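Hi there,

Here is the structure I promised to pass on to you. Have a look at it, and then read on for what I found.

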Amino acid sequence: MENGSAALRDELTGALIGLARATEGNTEPGNGVYRVIVEGLIASDPASDRDDAEIGILTGRVREEKHKLAPGCRYCASPCGRTAEYDLRELQNESEEIRALKERLLGEIRRLAASHETCTADGIPGKFLCEALFRIGYEDTAENLQKTSETARELLNRPMPDGTEGAL
């Protein structure tokens with residue numbers, strides 16, 4: 001099977017950002033949300049061996065989790081954008097510095113998800129993944145993006161729950 005196309009991986013990443021947006025204000029979205037985020041981050045990585053069909057199915061699961069968190073948004077007549085998916089092509093409109101920081105952060109959280117795949121939300125702070133995805137999808141300062149990236153690197157270097165070394 002051929003690896004999933006870049007466009008489908010970008011669509012999946014945009015859907016993950018929409019799901020992260022839907023978690024805002026939700027005190028505990030639950031492990032199901034965090035599991036699908038971890039799986040989605042792994043599948044959206046260009047190095048992933050997921051094919052187009054698998055990526056499409058996973059994108060649907062991400063959207064379903066979002067609709068569970070924000071059911072009224074699905075059919076809203078006046079969408080506010082709070083749970084909107086992000087179009088990764090918008091990164092091209094960012095300054096070179098912001099674009100590079102967001103791309104680096106996305107790579108870091110993908111590695112973080114892959115290094116903790118079997119741990120789900122227990123070994124990796126799901127709320128942090130949501131925050132990082134949220135930051136990628138919104139205008140933010142370089143300082144905030146750098147802080148979030150530093151946290152990702154700290155988590156990557158932290159020993160995993162099974163006692164093995166971190167991902168870096």
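Helix 4 crosses helix 6 in a left-handed sense. Keep in mind as you look that this is a predicted model. Helix 4 covers residues 96-115 and helix 6 covers residues 126-137; their axes are 10 Å apart, at an angle of about 155°. Angles over 145 degrees count as roughly antiparallel, and therefore helix 4 and helix 6 are roughly antiparallel to each other.

Which residues make this contact? From helix 4 come Lys102, Leu105, Leu106, Ile109 and Leu112, and helix 6 brings Phe128, Leu129, Ala132, Leu133, Arg135 and Ile136. Sorted by class, the contact between helix 4 and helix 6 holds nine nonpolar and two charged residues, with no polar ones.

Now for the other pair. Helix 2 (residues 31-44) and helix 3 (residues 52-69) have axes that come within 10 Å and cross at roughly 150°. That angle makes helix 2 roughly antiparallel to helix 3. The crossing of helix 2 past helix 3 is left-handed.

On the helix 2 side, the contact uses Gly32, Val33, Val36, Glu39, Gly40 and Ala43. Facing them on helix 3 are Ile55, Leu58, Arg61, Val62, Glu65 and Leu69. How many nonpolar, polar and charged residues does the contact of helix 2 with helix 3 have? There are seven nonpolar, two polar and three charged residues.

Best wishes, and enjoy exploring!

Notes
Residues numbered from 1 in each chain as written. Predicted model: local features only at pLDDT ≥ 70, side-chain atom pairs only at ≥ 80, totals over all residues. Heavy atoms only, no water. Axes fitted to C-alpha atoms, helices over the stretch in contact; angles between N-to-C directions. Helix = DSSP H or I, 4+ residues; strand = E, 2+ residues; numbered from the N terminus. Parallel < 35°, antiparallel > 145°, perpendicular 65-115°, else oblique. Left-handed = near helix turned anticlockwise from the far one by under 90°. Contact = heavy atoms within 4.5 Å. Nonpolar A, V, L, I, M, F, W, Y, C, P; charged D, E, K, R; others polar.
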